[in-house]
Amino acid sequence: MAAVDPDEAEQPRDNSCSEPPQPSRTGLTGDVAKLDMLPTPSFGAANPLFRNPAESLPSPLDAWRRRLAASAKEPEALVYGMLTEPASAARHFSALRGDGFSAAAAAADHVADVHWAKVSSTAKAQLVWLLSQLAANRAPGAERLALALLRRVESADVSAAALWLGDNLRELLLRQKSWLLAPNTADHLVPVVLLAHLRLAAEWSGADAMAARRDAALGLCAELWAARPQACKALGRELPLALWPLRAEARIAGAWRDVVDSEAAARRAGAKTLLAT
């Protein structure tokens, strides 16, 4: 079968408005759209790699991989394809090899950290999808992308787009809980995830419209504390301060008691307490 030239395919629609994207077959949301701004100049140079993936070679997929392998910017080119071509994202991801996973995670982290406000809603949805794939494959650097996306979830922002991002990240973390709680990930990621969701739950107290989201956030916090209490305590003084407004919640009460007891024991022993860190 002859390969379809991407230049002849139906052009994607721009969906860079502030409304949240609609559900798609990927499990996330978003219509096909292009990046409003390329993450790095090398991405623009990589764009021709996606024009004629098969040419005259016998296997279109093998030919496409060989052409990418000839480029020093292969992972960046693949990330560009994953963010701009949702229908082909799985194929682009399947071409990553070896160190390419960490390089792709770094490229995606750059987009999320530096260019978030300037990319389309579809590219944002694809970043969440890419994180799910990197986490499922235990790719080095996936936690950095997760941290960059978590920084975009703010308790004061209740816009549809912000709530969409928070909901999808929370569901992703629950699906990839074994990755989140793995020793090489938990120390870096668990404290940040816990703090973000404690703050969200406190901010949403008394808001009926946020009741379901608040319940999900509290559930995630309880699971993190039960599985990795020491990683959670790495927050230092931020931990008791974040737990205080939620101390009466059934799922947080146990964590609060543990912190209070630990603080009392540390003071009796003359050891350093959480409030002193």
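**Close-up views of helix packing in a predicted model**

**View 1. Buried residues of helix H3 in the predicted model.** Within H3, the buried residues are Pro75, Glu76, Ala77, Leu78, Val79, Tyr80, Gly81, Met82, Leu83 and Thr84. Helix H3 is thus mostly covered, with 10 of its 11 residues buried.

**View 2. Crossing of helices H3 and H5.** Helix H3 spans residues 74-84 and helix H5 spans residues 100-114; their axes come within 8 Å and cross at roughly 55°. The two helices are therefore oblique to each other. The crossing of H3 and H5 is right-handed.

**View 3. Residues in the contact of H3 with H5.** On the H3 side, the contact is made by Pro75, Glu76, Val79 and Leu83. On the H5 side, Gly100, Ala103, Ala104, Ala107, Ala108 and Val111 take part. By class, the residues of this contact divide into 8 nonpolar, 1 polar and 1 charged. Pro75, Glu76, Val79 and Leu83 are also listed among the buried residues of H3.

**View 4. Crossing of helices H10 and H11.** The axes of helix H10 (residues 183-203) and helix H11 (residues 211-227) come within 9 Å, and the crossing angle is roughly 145°. The crossing of H10 and H11 is left-handed.

**View 5. Residues in the contact of H10 with H11.** Helix H10 contributes Val190, Val193, Leu194, His197, Leu198 and Ala201. These residues meet Arg214, Ala217, Leu218, Leu220, Cys221 and Leu224 of helix H11. The contact of H10 with H11 comprises 10 nonpolar residues, 1 polar residue and 1 charged residue.

How values were computed. Residues are numbered from 1 along each chain as its sequence is written. This is a predicted model: local features need pLDDT of at least 70, side-chain atom pairs count only at pLDDT 80 or more; totals for chains, interfaces and linings use all residues. Side-chain values use heavy atoms; hydrogens and water are left out. Axes are lines fitted to C-alpha atoms, for helices over the stretch in contact, and angles run from 0 to 180 degrees between N-to-C directions. Helices (H or I, at least four residues) and strands (E, at least two) are DSSP runs, numbered from the N terminus. Angles under 35 degrees count as roughly parallel, over 145 as roughly antiparallel, 65 to 115 as roughly perpendicular and the rest as oblique. A crossing is left-handed if the near helix is turned anticlockwise from the far one by less than a right angle, and right-handed if clockwise. Contact means heavy atoms within 4.5 Å. Ala, Val, Leu, Ile, Met, Phe, Trp, Tyr, Cys and Pro count as nonpolar, Asp, Glu, Lys and Arg as charged, and the others, Gly among them, as polar. Buried means under 20% relative accessible area, exposed over 50%, partly exposed in between (1.4 Å probe, protein chains only).
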